[in-house]
Amino acid sequence: TRDPKEATMPGKFLETVDDPAIPELLRHIDRLRSAQSGAPTTAAFDDAAPYLDKEQYSEVLRQVCALQEVLFSQTEKEAEESLYVVCSLIQKAAADGASAARLAEQFANAITQNGTVYPLLRLKILCNVFNLLEGNNEALYCVFSAVVKYSAATKNVNLIVPHLSNVEGWMDKWQTDIAKRRSLFLTIFESLNQGGKKAQAHSFLQKYLSTFQGASKAELDAASEHAVQAVVESINGPDIYQFEFYLELDAVTHLQTGKHANLFKLLNIFARDNLAAFLEFEKANAGYIAQLGLDREECVRKMRLLSLCSLASGEAEVPYSTIAECMRLEEDQVERWVIKAISAKLIDSKMDQLKRTAVIKGSMNRVFTEVEWKQLHGNLDMWRSNVTSLLQMVRDARLGPSTES
């Protein structure tokens, strides 16, 4: 029985096939090759026979991998049955002490390099191999990487999305080193991007950059282009309004010196400043916004909402006229923009149309500085005091004098 916490992918759990199935697979490969070429051949069986006699399954697998593309000349059902025997051969080879990681890489390369026929079957077989290699950490990493790349190459990235939440836990269990973690995060990011999953892709770009905390200057230099990409995507992202996370990444703060210094300044404006600061930056750096590939209208929209968020912080009411000035709007446009800010969960507010004010109940903290920590501490102290008083009232009521009948 498998531990439900083990790394698994969707597929069929296979028992090892009988030994005669392997030589029959080799004969079947010869028959398929003969049918394709029109000339009889027994080369596959003859070349592998000495290794079969010695039960050197890794050598048998090497020869099968070189020829296995012919299996896809059958119907899909026939190809699947043949490939299950190949899966079992991989399991036998790994059990013999051969390098499971090397075998997995060899098989994954062979099954994905000519992937135009039956791509879903190829993915299914890769998932089966993944399930068979339990305990072989390097092999699991290798096969999963192949699944991710191949799913993107064949436009089937949707199939891996449900399993991506497991990736970090799997790598912890596999004791994956930092270089391979970075490689897999980047592979997933690129695959999701290729499949049009922009928001999910960005989250893996964040994970990739997070691995550079405390990294050397050389490593940070190597990560710079991806750090630039993350910052640009965050500014362009219609649903990203908090930027403190990026300012805490060493890979991003490394940008503040050198050729990307202006981008770091722009990030700080989106994190902490207002629309006026953005427009001033834009004027001082003509053409820079377009050069970054940023949508200027989206930038202005976002900075207007963030400016309103900052304006509302700590306020009970804000006049429409003040909001209009801050957001560079006509006063009759204010209500529409307040509704946008409410919809984006940047503020909690109601509008008093008679007094022409926005009544503020709360607003998002754009950054969590010492001031916000003190405010949170004060709120918690007040909450604790209120709860203590309420509990005391309940105790007093229970202990109070009983009334005589």
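At 31% relative accessibility, Glu-331 counts as partly exposed, a class that sits between buried (under 20% relative accessible area) and exposed (over 50%), with a 1.4 Å probe and protein chains only. The side chain of Glu-331 meets that of Arg-356 in a salt bridge, with N and O 3.1 Å apart; the term stands for a side-chain nitrogen of Lys or Arg within 4 Å of a carboxyl oxygen of Asp or Glu. This pair links distant parts of the chain, 25 residues apart: Glu-331 is in the loop between α18 (320-327) and α19 (334-343), and Arg-356 in the loop between β2 (347-352) and β3. Helices (H or I, at least four residues) and strands (E, at least two) are DSSP runs numbered from the N terminus. Arg-356 is also partly exposed, at 35%.

The model is predicted, so local features need pLDDT of at least 70 and side-chain atom pairs count only at pLDDT 80 or more, while totals for chains, interfaces and linings use all residues. Residues are numbered from 1 along each chain as its sequence is written, and side-chain values use heavy atoms, leaving out hydrogens and water.

Side chains of opposite charge can pair when their charged atoms come close. The count of salt bridges comes to 16. One of them joins Glu-69 and Arg-122 at 2.6 Å, N to O. Here, too, distant parts of the chain are linked, since Glu-69 lies in the loop between α3 (57-67) and α4 (76-95) and Arg-122 in helix α6 (residues 119-132), 53 residues apart. Glu-69 is partly exposed at 28%, whereas Arg-122 is buried at 0%. Arg-181 forms a salt bridge with Asp-172, with the closest N and O atoms 2.5 Å apart, and Arg-181 is buried, with a relative accessible area of 17%. Glu-282, Arg-296 and Glu-297 are linked in a network of salt bridges.

Thr-357 is buried at 7%. Leaving aside neighbours within four places in sequence, Thr-357 has contacts (heavy atoms within 4.5 Å) that include Pro-319, Tyr-320 and Met-351.

Gln-213 is partly exposed at 39% and, not counting residues up to four places away, touches Glu-248, Leu-249 and Asp-250. Between Gln-213 and Leu-249 there are 36 residues of sequence separation but a C-alpha to C-alpha distance of 6.6 Å.
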